[in-house]
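Please look through the sequence and the structure shown here. The paragraphs after them go through the chains one at a time and then turn to the contact between them.

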Amino acid sequence: MNPRVSVILLTTLIGAGQGLFIALYVVETGVLLDLVAAPIRPWFYFYGALLAFIVTSAGLVASVFHLGRPARAWRSATQWRTSWLSREVIVLPAFLGVVALYAAAHFLGWNGTYGSTQGSFADPTMLIGFTGTLLALALYVCTGMVYACLPFLREWATPLTVINYTLLGLASGFALAAAATLAAPPVVRLFAACALVFTALGFAGRLASLARNARLRPKSTLQTAIGIKHPRIVQTSQGFMGGSFNTREFFHGRSTKFVRAVRWFFLLGAFAVPALLLAAGVAGVGKSVVVAAFVIQYVGLLAERWYFFAQANHPQNLYYQAIA
Amino acid sequence: MTQLALVIDLNVCVGCHACVTSCKEWNTSGSAGPLSDFNPYDRDPTGAFFNRVQSFEVGEFPNTQTVHFPKSCLHCEDPPCVPVCPTGASYKRAEDGIVLVDYDKCIGCKYCAWACPYGVRELDEKSQVMTKCTLCVDRITDVALPEAERKPACVLACPTNARLFGDIHDPDSAVSTAIRENAGYALMPEWGTHPANHYLPRRRTERHLHADELQRADNPLKVDGLQPKPPKSDPALDDVMSW
């Protein structure tokens with residue numbers, strides 16, 4: 001497949017936005033259960049939710065550039081019964097709405113039920129946060145399933161796709177939370193530790209999918225594509241010379257060397273280097289390493305997503321092997 | 001239930017691209033608007049087509065065969081491109097099984113093209129909607145046309161009659177008969193899409209000659225030779241020449 005910038009930005013940005021929101025909810029729950037000792041300033045959740053909203057919205061805006069007819073995008077919410085893309089299109093704005101509501105609830109101070117200073121799980125902010133967390137997780141599943149549900153793209157058609165989208169989103173979201181927050185060092189360390197765990201899990205998941213894809217044998221061959229039983233079939237003409245939608249959409253046109261370099265880049269940039277920096281952040285080296293961890297990991301994830309698309313070999317490519 | 005489809009005889013196709021050009025001509029002139037081209041008379045011409053003819057070389061020299069392979073939407077009976085469409089623009093008609101795109105609903109997200117293993121959907125880069133073979137739905141259902149012309153443009157254009165059109169669910173139709181009797185097959189059966197379009201395989205054309213075809217037993221010129229020769233003493237026709 002030919003990786004599109006709009007889709008790469010969409011999947012990486014909303015993943016980070018969802019992870020950031022979950023990070024906020026984790027802290028709010030932790031405060032409630034007396035697990036987070038540090039005092040949380042009242043604006044912490046508001047600014048956090050605002051950032052999650054902005055990041056996720058940026059992803060949504062990026063996705064619009066993938067559409068040929070953006071003005072009709074509202075129609076894409078209609079086929080949720082069959083289409084994972086439609087489900088994603090429904091869950092994403094729903095999540096954004098809940099994030100906005102969460103920010104508003106904290107802005108208006110809707111925590112501390114019945115006037116008590118002690119929060120409870122029945123607080124509006126907690127209920128909204130719980131809903132938002134469920135939607136964020138549902139959105140990970142939808143985003144992953146958009147790719148995992150296509151059986152022909154065998155590199156994607158695995159539960160690992162959904163798992164990796166979730167883990168990498170959570171990792172970058174928690175890293176963003178750690179990098180962006182002005183809260184006390186214990187909170188930064190909590191975020192960095194969670195980001196480190198998700199980065200490690202995501203690394204394991206991504207290695208598993210790389211190993212799986214390396215062993216894939218194509219199900220479709222030129223023999224099944226044209227239905228002729230002969231070990232040697234060579235295309236002599238694809239029927240046109242100047243390229244078509246099929247040659248532009250499904251071929252990335254980069255050398256094997258380049259693709260391999262991207263793989264090494266994202267293995268280092270999305271996993272190894274951020275993990276070291278996050279570990280340093282957990283150890284309390286300082287804020288700058290955590291900021292660096294997020295920025296490097298995000299760039300690494302852009303490369304990871306590029307590779308994710310480039311690696312998928314569509315069976316239609318069998319029909320477009322020779323120009324003339 | 002009706003399932004309209006094409007049956008393409010690879011044994012007969014000569015790769016002339018007449019089906020491609022007539023398809024383009026018909027479908028770029030229809031009510032759905034043009035199928036746009038870019039740089040048609042310049043370098044790197046490109047554009048949306050519903051039908052392509054590709055060529056493959058099978059075997060190793062000197063035992064090679066060139067196979068011309070027309071490729072268009074196969075109108076799968078279980079089309080993977082339909083359920084993935086987020087807007088419902090991609091649909092399969094219940095009455096005749098044609099897979100169509102509603103150009104007014106399509107948002108151009110290209111997801112259906114990703115979901116098609118055959119690569120037969122092409123985005124029209126100008127109108128930015130997904131386009132594909134409609135089996136000339138505006139033509140085959142047009143009662144203003146004479147009955148014989150209510151066929152897809154490609155079928156009418158094929159000079160070697162390599163393309164058959166009909167209902168593959170009707171066991172007595174020409175297409176069903178052709179599939180049954182000439183080993184018609186579907187492409188990429190491994191994905192369970194059950195394509196409605198079928199292809200008829202290349203067949204080796206061999207001539208079996210019997211000895212009596214080389215020298216007819218009842219050759220009238222030889223009949224005389226089989227007659228007993230009259231004795232020399234018998235009178236000849238002109239009483240001069242002998243037999």
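**A walk through the two chains**

Read from the N terminus, the elements of chain A follow the order α-α-α-α-α-α-α-β-α-α-α. That comes to 10 helices and one strand. Helices (H or I, at least four residues) and strands (E, at least two) are DSSP runs, numbered from the N terminus. The model is predicted: local features need pLDDT of at least 70, side-chain atom pairs count only at pLDDT 80 or more, and totals for chains, interfaces and linings use all residues. Residues are numbered from 1 along each chain as its sequence is written, while chains are lettered from A and ligands numbered from 1 in the order in which they are written.

The overall form of chain A can be checked against a simple rule. The radius of gyration is taken over C-alpha atoms, and the globule rule is 2.2 Å times the number of residues to the power 0.38. For 324 residues a compact globule would have a radius of gyration near 20 Å, and chain A, with 22 Å, agrees. Along the principal axes, the C-alpha atoms of chain A fill a box of roughly 80 × 45 × 30 Å. In chain A, 51% of the 324 residues count as buried. A residue is buried if 20 or more other C-beta atoms lie within 10 Å of its own, exposed if 12 or fewer, and partly exposed in between, with C-beta atoms placed from the backbone. Two residues are in contact if their C-beta atoms, placed from the backbone, lie within 7 Å. Of the contacts in chain A between residues at least 6 apart in sequence, 78% join residues at least 24 apart.

Helix α2(A), residues 43–64, should span 32 Å with its 22 residues, and its end C-alpha atoms are 31 Å apart, which agrees. Among the buried residues of α2(A) are A:Phe44, A:Gly48, A:Leu51, A:Val55 and A:Gly59. The buried residues of this helix pack against α1 (5–32), α3 and α5 of chain A. Helix α3(A), residues 84–107, has 24 residues and should span 34 Å; the 34 Å between its end C-alpha atoms agrees. Just after α3(A), A:Gly109 takes a positive phi of about 70 degrees.

Next comes the interior. A nonpolar core is a set of buried Ala, Val, Leu, Ile, Met, Phe, Trp, Tyr and Cys residues joined through C-beta atoms within 7 Å. The largest such core has 169 residues, of which A:Phe174, A:Phe191 and A:Ala195 touch the most other members. Helix α5(A), residues 159–180, gives the most to this core, with 15 residues. Neighbours within four places in sequence aside, A:Phe174 is in contact with A:Gly19, A:Ala23, A:Phe191, A:Cys194, A:Ala195 and A:Phe198.

Further along, A:Gly269 is found in helix α9(A), residues 256–283. A:Gly269 counts as buried because it has 20 C-beta neighbours inside 10 Å. In sequence A:Gly269 and A:Gln297 are 28 residues apart, yet their C-alpha atoms are 5.6 Å apart in space.

Chain B has eight helices and 11 strands.

Strand β1(B), residues 4–9, is mostly covered, with six of its six residues buried. In a regular strand the side chains alternate between the two faces of the sheet. B:Leu4, B:Leu6 and B:Ile8 point one way from β1(B), and B:Ala5, B:Val7 and B:Asp9 the other way. Strands pair if DSSP finds at least two bridges between them. β1(B) pairs with β10(B), residues 163–167, in the antiparallel sense over five bridges, and three bridges join β1(B) to β11(B), residues 198–200, in parallel. B:Ile8 stands opposite B:Arg163 in β10(B), and its bridge partner in β11(B) is B:Tyr199.

Where the chains meet, the contact takes 48 residues from chain B and 45 residues from chain A. On the side of chain B that touches chain A, the largest share, seven residues, comes from β4(B). Four bridges join strand β1(A), residues 233–237, to β4(B), and the two run antiparallel. Within this pairing, A:Ser237 stands opposite B:Ser55.

How values were computed. Expected span 1.5 Å × (residues − 1).
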